[in-house]
Amino acid sequence: MSLSPDRLAPMANAIRALSMDAVQAANSGHPGMPMGMADVATVLYSQFLKFDPAAPKWPDRDRFVLSAGHGSMLIYSLLHLTGYAAPTIDDIRNFRQLHSPCAGHPENTELDGVECTTGPLGQGLAMAVGMAMAERHLNAVHGDDLVDHRTWVIAGDGCLMEGINHEAIGLAGTLKLGRLNVLWDDNNITIDGDTALSTCEDIPARYAASGWHVTRCDGHDYADIARALAEAAADPRPSLVACKTVIGKGAPNKAGSHSVHGSPLGGDEVAATRVALGWTAEPFVVPADILADWRSLGAKGAAARAEWEQRLAASPRRAAFEAAQAGLAGRVASAIDDYIAGLIAEPQKVASRKASEMALGPLTERLPELIGGSADLTGSNLTKTKATTTFSASDYAGRHVHYGIREFGMAAAMNGMALHGGVVPYGGTFLVFSDYCRNAIRMSALQHAQVVYVMTHDSIGLGEDGPTHQPIEHVMSLRLIPNLLTFRPADVVETAECWALALEAKGTPSVLALSRQNLPQLRAEGGMLSAKGGYRLRAAQATRKVVLVATGSEVEIAVACAAELEAAGIGADVVSMPCTELFDAQDAAYRADVLPADVLKVSIEAGVTTGWERYTGLDGLRFGIDRFGASAPADQLYSYFGLTAEAIVPQVKARLGA
């Protein structure tokens with residue numbers, strides 16, 4: 001749909017008016033970006049974006065990502081103007097206020113049409129890379145009739161400066177993601193002032209060097225914007241469109257300056273802007289003729305969606321496509337139960353990273369939605385299986401991604417893939433490098449994105465690589481993130497159970513912390529005991545005096561401790577605690593039974609002891625490592641740090657007075 005400039009201009013000014021009014025009413029926000037990019041957004045929505053406000057989850061819609069999330073009033077204005085059920089004009093009046101869906105930065109859990117939560121700069125663009133990857137994969141599997149859409153991004157200078165941007169564009173260029181188009185708000189302004197204060201790089205050259213198509217346009221010339229966006233859409237490479245704009249466009253005294261970036265215009269400037277734009281409507285009022293033009297854009301998507309629904313109804317791929325869209329819940333047990341039964345029949349002593357690979361075998365074979373990968377550590381993370389060929393520009397149907405040494409970019413891309421739908425991504429690196437992707441892990445949790453992080457080499461047990469690679473605080477710090485399941489399985493059976501639990505948790509991301517060293521199989525029964533988060537692995541034979549709580553590779557140590565204590569007549573339970581979050585979710589009676597109040601409670605984990613007091617009590621014992629590790633073989637390190645039965649049992653006896 002192509003509208004004349006004399007109709008586009010008032011439509012763009014509606015964005016400007018709503019944006020400056022909402023920020024002014026809140027006395028907080030960023031009016032400059034939405035005012036500066038209003039013209040570009042108007043052309044995008046009127047001529048290029050495929051969407052239907054009446055069906056905001058339509059799978060073949062285009063994805064629009066506002067990576068520059070501080071300019072949130074741009075997307076709130078667009079959603080309201082095009083006819084989404086929310087935000088209402090009252091929601092916009094309450095911008096940035098408690099209980100308004102119009103939060104300071106867009107949140108995907110608050111509003112349909114917000115594809116991902118943005119604000120941490122660069123991550124929106126990186127998530128868009130994942131969305132484009134998911135689109136190409138699903139297109140290769142299901143065909144053009146069912147999957148044929150684009151991903152559009154609006155990004156600012158901050159998004160392009162952040163280090164994750166370099167990771168994301170390198171991956172996108174390598175994969176030749178031609179359905180990805182980034183519209184750069186090229187206004188030369190950051191919060192501190194002119195971009196020359198902090199950068200001199202040639203951004204278009206950097207993108208071109210990364211395999212991108214680059215073009216430019218006058219961000220306030222509707223015809224030139226349309227020309228550049230059409231050029232981007234036609235190019236087989238991912239595209240960067242440098243939209244030369246004036247931040248705060250329309251504000252006669254503040255436009256073009258950093259003062260309009262992150263502060264309200266002020267009452268006088270708002271009034272002057274109304275005069276300059278010829279905008280006579282009252283605050284939060286959009287004249288009927290302008291609103292009608294916007295609503296006509298929203299209505300046109302209904303026809304495209306109806307045609308797609310007809311193709312879906314007639315497609316032989318319908319059942320498979322709809323199953324992928326529905327997710328994995330309810331289908332995981334049938335993919336892994338036989339495998340677990342085989343482990344019970346024939347025990348295996350393997351590292352939990354190997355146990356993860358073994359579990360992934362039947363899972364990836366029977367659940368085609370699973371897409372794995374690694375940040376250049378495939379042979380160590382063991383994330384590739386016989387069922388997963390390489391995902392590449394020459395084979396988008398592949399299901400194993402070589403992300404390169406891009407931990408942060410990998411994590412953000414997986415968020416985008418999960419939010420796109422139709423796939424469930426998992427990706428690996430060393431646990432210590434969870435620090436590199438921590439904010440993306442946090443964003444997984446905040447967005448309810450089902451991403452599985454395979455984090456191997458989970459303790460000093462990795463040995464000689466030393467303290468730079470030995471995670472100490474990492475497992476406990478990950479447990480601090482709300483809505484994240486952090487699993488540390490003790491053996492091959494628990495590892496399979498943790499995989500099943502992670503894949504059933506549709507709205508929750510998971511971390512699997514996995515060992516490098518071999519672990520004995522401690523479980524001789526099935527039953528998905530890990531679903532409780534913590535459970536009694538060994539019950540005391542003598543009168544119970546102590547409960548030993550451990551995770552991962554240290555459960556073996558707890559079992560050895562219990563054997564020595566029992567030999568001395570001291571009854572000892574062993575509790576395996578693969579997931580504290582799931583244990584905390586159990587009812588009080590269950591938790592009190594597993595961790596009774598009248599006994600000594602002891603924790604054993606090769607990491608920081610901080611946090612374990614919530615289970616041991618302040619009068620319990622906590623064995624761990626509250627300093628950095630060392631470089632030596634694993635068995636020597638466990639002995640050196642006192643994580644052996646020989647070191648622990650005497651201290652338990654002393655506390656008991658035995």
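Which residue stands opposite serine 374 in S10? I looked this up and found histidine 402.

**Basis of the entries**

I note that the model is predicted, that local features need pLDDT of at least 70, that side-chain atom pairs count only at pLDDT 80 or more, and that totals for chains, interfaces and linings use all residues. Residues are numbered from 1 along each chain as its sequence is written, and side-chain values use heavy atoms, with hydrogens and water left out.

**Parallel sheet**

I took helices (H or I, at least four residues) and strands (E, at least two) as DSSP runs, numbered from the N terminus. Two strands pair if DSSP finds at least two bridges between them.

I traced an open sheet of six strands, ordered S10-S9-S11-S12-S14-S13, with parallel pairing. Strand S10 (400-402) and strand S13 (485-487) are at its edges with a single partner strand each, so one side of each lacks a neighbour in the sheet. From one strand to the next the twist averages 20 degrees.

I then listed bridges. Strand S9 (residues 370-374) runs parallel to S10 and is joined to S10 by three bridges. Strand S11 (residues 424-430) and S12 also run parallel, joined by five bridges; glycine 428 has valine 454 in S12 as its bridge partner.

I checked burial in strand S12 (residues 452-456), where five of five residues are buried (under 20% relative accessible area, with a 1.4 Å probe and protein chains only). Val452, Val454 and Thr456 cover one side, Tyr453 and Met455 the other, and all are buried.

**Helix pair**

I examined helix H17 (residues 407-420) against helix H18 (residues 438-447): they pack at an angle of about 15 degrees, with axes 8 Å apart. Axes are lines fitted to C-alpha atoms over the stretch in contact, and angles run from 0 to 180 degrees between N-to-C directions. H17 and H18 are therefore roughly parallel to each other (angles under 35 degrees).

I recorded the contact (heavy atoms within 4.5 Å) as Phe408, Ala411, Ala412, Asn415 and Leu419 of H17 meeting Asn439, Ala440, Met443, Ser444 and Gln447 of H18. These residues of the H17 contact with H18 divide into six nonpolar, four polar and no charged.

**Mixed sheet**

I found a second open sheet, in which five strands follow the order S16-S18-S17-S19-S20 with mixed pairing. Strand S16 (535-538) and strand S20 (621-623) are the edge strands, each pairing on one side only. The twist here averages 30 degrees from one strand to the next.

I noted six bridges between strand S17 (residues 544-550) and strand S18 (residues 571-576), paired in the parallel sense. Arginine 544 has glycine 571 in S18 as its bridge partner.

Notes
Parallel < 35°, antiparallel > 145°, perpendicular 65-115°, else oblique. Nonpolar A, V, L, I, M, F, W, Y, C, P; charged D, E, K, R; others polar. Buried < 20%, exposed > 50% of the residue type's maximum accessible area, 1.4 Å probe, protein only.
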